[in-house]
Each structure stands twice: as C-alpha cells, then as structure tokens.
Amino acid sequence: GLARKQRAADAGAIEAVVAALQAHPEVEAVQKQGCAALGNVCCGIDAAGLARKQRAADAGAIEAVVAALQAHPEVEAVQKQGCAALGNVCCGIDAAGLARKQR
C-alpha cells in the first residue's frame with residue numbers, strides 16, 4: 001500500500017534504484033526491475049505521492065529510465081516497465097508535475 005511505498009522512499013529506495021540503473025545499463029534484468037520499482041514507489045496522487053515523484057525526478061529517474069528504454073529497444077519487458085515508470089514519475093497537474101513533463 002501507500003505506507004509501504006513511503007517506507008521504501010524514506011529508506012532511500014528511489015536513489016538506490018536510480019543508482020542501480022545508472023551502474024548497470026547493460027543488464028536487462030536490472031533495467032526491467034529498476035523501472036518497475038520506480039513505477040511502483042512513485043505511484044500515488046496524494047501529497048506524499050507527488051513528493052515521491054519529485055524526489056525521483058530530482059534523483060535522475062527520468063533520465064535513467066529514458067536511458068534504459070534507449071539501451072534496450074528490443075526488450076519488451078524493459079519497454080513496458082520503463083513506459084509505466086515514466087508515466088508515474090511524470091504524472092501530476094501541479095507546477096512540479098508540469099515541469100517534470102517538460103524534462
């Protein structure tokens with residue numbers, strides 16, 4: 001639930017996942033699972049969810065997910081999880097959400 005997503009974020013999961021994506025760009029499984037994790041943790045439209053989305057963007061998640069999509073264009077699972085992660089991280093109609101969409 002939302003409490004687990006927040007616990008993960010509070011423990012540094014967002015930054016750890018972005019670091020893993022950046023450290024292992026050639027490993028399909030890391031890219032797939034990393035994108036899935038970001039998509040999951042960044043889900044939510046309440047204030048805490050919006051804060052997690054911004055935290056992910058600030059940590060470089062948007063760029064890391066785009067790099068995964070570009071590095072593995074033929075891997076369906078990476079494409080699926082990457083698109084879902086981008087959708088979740090970039091979602092939001094507040095000013096920060098609109099800015100994330102422009103990145």
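Leaving aside neighbours within four places in sequence, which residues is Ala68 in contact with? Keep that question open while you look around; the tour returns to Ala68. The model on screen is predicted.

**Stop 1: the whole chain**

Colour by secondary structure. The protein chain has 7 helices and 0 strands. Along the sequence the pattern reads α-α-α-α-α-α-α. Of the 103 residues, 37% are buried. Now consider contacts between residues at least 6 apart in sequence: 61% of them join residues at least 24 apart.

**Stop 2: α2 against α3**

Select residues 13-23 for helix α2 and residues 28-41 for helix α3. Their axes come within 9 Å and cross at roughly 155 degrees. An angle over 145 degrees counts as roughly antiparallel, and α2 and α3 are therefore roughly antiparallel to each other. The crossing is left-handed.

Show side chains at the contact. From α2, pick Ile14, Val17, Val18, Ala20 and Leu21. From α3, pick Val30, Gln31, Gly34, Cys35, Ala37, Leu38 and Val41. Colour this contact by class: 10 residues are nonpolar, 2 are polar and none is charged.

**Stop 3: Val41**

Stay in helix α3 and centre on Val41. Is Val41 buried or exposed? Its relative accessibility is 12%, so Val41 counts as buried; the cut-off for buried is under 20%.

Apart from neighbours within four places in sequence, Val41 is in contact with Lys5, Ala8, Ala9, Ile14 and Arg52. Ile14 also belongs to the α2 side of the contact at the previous stop. Next, select Gly1. Gly1 and Val41 are 40 residues apart in sequence, and their C-alpha atoms are 9.7 Å apart in space.

**Stop 4: α3 against α6**

Now the contact residues. On α3, select Glu28, Gln31, Lys32, Cys35, Ala36, Leu38, Gly39 and Asn40. On α6, select Ala77, Val78, Gln81, Gly82, Ala85 and Asn88. By class, this contact has 6 nonpolar, 6 polar and 2 charged residues. Gln31, Cys35 and Leu38 of α3 are named here, and they are named in the contact with α2 as well.

**Stop 5: helix α5**

Select residues 61-71, helix α5. Highlight Ala61, Ile62, Ala64, Val65, Ala68 and Leu69, which are buried. Look down the helix axis. Where do these residues sit around α5? They cover an arc of only 170 degrees around the axis, which puts them on the same side of α5.

**Stop 6: Ala68**

Zoom in on Ala68, in helix α5. Ala68 is buried, with a relative accessible area of 1%. Pro25 and Ala68 are 43 residues apart in sequence and 6.6 Å apart in space, C-alpha to C-alpha.

Back to the opening question. Beyond neighbours within four places in sequence, Ala68 is in contact with Gln31, Cys35 and Val78. Gln31 and Cys35 come from the α3 side of the contact with α6, and Val78 comes from the α6 side. Show these residues together with Ala68 to end the tour.

Technical notes:
Residues are numbered from 1 along each chain as its sequence is written. This is a predicted model: local features need pLDDT of at least 70, side-chain atom pairs count only at pLDDT 80 or more; totals for chains, interfaces and linings use all residues. Side-chain values use heavy atoms; hydrogens and water are left out. Axes are lines fitted to C-alpha atoms, for helices over the stretch in contact, and angles run from 0 to 180 degrees between N-to-C directions. Helices (H or I, at least four residues) and strands (E, at least two) are DSSP runs, numbered from the N terminus. Angles under 35 degrees count as roughly parallel, over 145 as roughly antiparallel, 65 to 115 as roughly perpendicular and the rest as oblique. A crossing is left-handed if the near helix is turned anticlockwise from the far one by less than a right angle, and right-handed if clockwise. Contact means heavy atoms within 4.5 Å. Ala, Val, Leu, Ile, Met, Phe, Trp, Tyr, Cys and Pro count as nonpolar, Asp, Glu, Lys and Arg as charged, and the others, Gly among them, as polar. Buried means under 20% relative accessible area, exposed over 50%, partly exposed in between (1.4 Å probe, protein chains only). The arc is that of the directions from the helix axis to the C-beta atoms.
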